[in-house]
Amino acid sequence: MNLKKRLILANASTVVIPMLITVLIALAAFFVFGKLLGHDISFEDYQRLSQIKFELLNSQTSILQRTPEVVEEESFQQDLQDQLAGINGELLITKEERVIFSSHDFSKIDVAKFLEAGNKTGRSEPVIIGDVSYTVQVISLKFKEGSHGNVFLLVPLSRSTTNLTSFLVLICGTFILTFMLTNIVVSYQFSRSIIKPLHNLQSAAAEISRGNLDRPIVEEGDQEIQALCRDFELMRIKLKDSVHTQLKYEDNRKMLISSISHDLKTPVTSIKGYVEGILDGIANTPDKTERYLKTIDLKARQIDQMIDDLLLYAKLDLNQIPFNFERTDIEEYLMLCLLESEPELETSNIKVSFHNELCQKQHVLLDRERMKRVIMNILDNSCKYMSKNEGELKILLRDTSTSLIIELRDNGSGISEGDLPYIFDRFYRSDAARSKGSGLGLAIAKQIIEGHQGRVWAVSHGEEGTSIMISLSKA
């Protein structure tokens, strides 16, 4: 249920429920006072009283209009009293404020009340005599000698009507009490459905502010509060992921500093040693001096390559290097890369073979310079870690329905199964691999290939070598 409907239902309940309870209690009161105590006065009684009054006043044969003095006759008095007896009524006749007939033993005070009620023209207020309340119908008379009189038709009201004030107090009290109780109950239930989820949400937010991101936030309450809980839970998950990523970046930064410091220290130490050898006169011949200087130059180039790799990886990791894609014939491109690397491969005594399994020419979108860096890094790794006197490198090109697969397979010492998932991580090292170079070659290759929306992975063939697989989408 949403919060709007709950508010409408709660507000309606605070009014409807007290009204229903009040109506039920009112009906019960009518039943108790009317039926059990036997004081029910029906509508027919009042209708009969009005009919009697009409016959006395408005009938064309009304004796009161012709001879008002008839009210003093006993027969008329008895006949009128008999008519009123059918509705438990009473008869009172006065002449000049003197009672000439009364069907009940009314006191002078009672008669005065009736006379007062009779003088209030147009009003029909009940007159309470003892514990009985009478409704009064008054017929004014004017006798021939000029005197005035009144005929009072009195019908007793029920006790429940007599106690109308008490009944109204009961009804009002019942409504107020039930209204208060209903408000308390509805407010309690309403607050539980809102305050409890908000309290839990507040507790979860407090835990988050203290750095505890492991406490899940449960969706509860109305739809709006559930949506709020859901948003907080998403925020908690994102914060947790952000903290986890930040810690991971921090660990990587520490590892980066440690690894690059270690990798730079080795060639720097060598340079210092050879420089000291020259300064101390150990290189005492021109040939020895030249050899020392060539070694210093090689080590300086290694340092320069490490720095370039580090900067390139950092830019790739931050997506700061744009790619310039061109539609390229993949077979022609790979042949050019092999021709450029051929001298170095021959120096390392590695034979290269190219196997094209494509049925027709295929094209891909490549950043030619960046992808060339990938191929060179993989070939460079094959040269560095070749453990056999006669190395072999096979490049296989095949396709699937949607992509091209480039496989670069060597016959080196291979990579253990435990190391395979990590060889594309930066600075990852194992006993059989990653003991040379910057440790960023394959990590850079992975970043570039993923920038081409491609995928790279390694397959170990045990002692028979390793395959580096590259998958690129067809153009």
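The aromatic pairs come to five, where rings of Phe, Tyr and Trp (its six-membered ring) pair if their centres lie within 6.5 Å, with planes under 30 degrees apart counted as stacked, over 60 as edge-to-face and the rest as tilted. Take F114 and F152: their ring centres are 6.4 Å apart and their planes stand at 35°, so this pair is tilted. It links distant parts of the chain. F114 belongs to helix α5 (residues 108-119), F152 to strand β5 (residues 148-156), and 38 residues separate them. Helices (H or I, at least four residues) and strands (E, at least two) are DSSP runs, numbered from the N terminus. Both F114 and F152 are buried; buried means under 20% relative accessible area, exposed over 50%, and partly exposed in between (1.4 Å probe, protein chains only).

A second pair has another geometry. The ring centres of Y274 and Y292 lie 4.9 Å apart with planes at 80°, so the pair is edge-to-face. Y274 sits in helix α8 (residues 223-279) and Y292 in helix α9 (residues 286-317), so the contact ties together parts 18 residues apart in sequence. Y274 is partly exposed at 29% relative accessible area. Y292, at 14%, counts as buried.

The model is predicted: local features need pLDDT of at least 70, side-chain atom pairs count only at pLDDT 80 or more, and totals for chains, interfaces and linings use all residues. Residues are numbered from 1 along each chain as its sequence is written, and side-chain values use heavy atoms, leaving out hydrogens and water.

Charges also meet rings. K95 lies over the face of F143, 4.5 Å from the ring centre. The charged end of R455 sits over the ring of W457, at 4.1 Å from its centre. The criterion is NZ of Lys or CZ of Arg within 6 Å of the ring centre and within 35 degrees of the ring normal.

Now the cysteines. C383 is buried at 15%.
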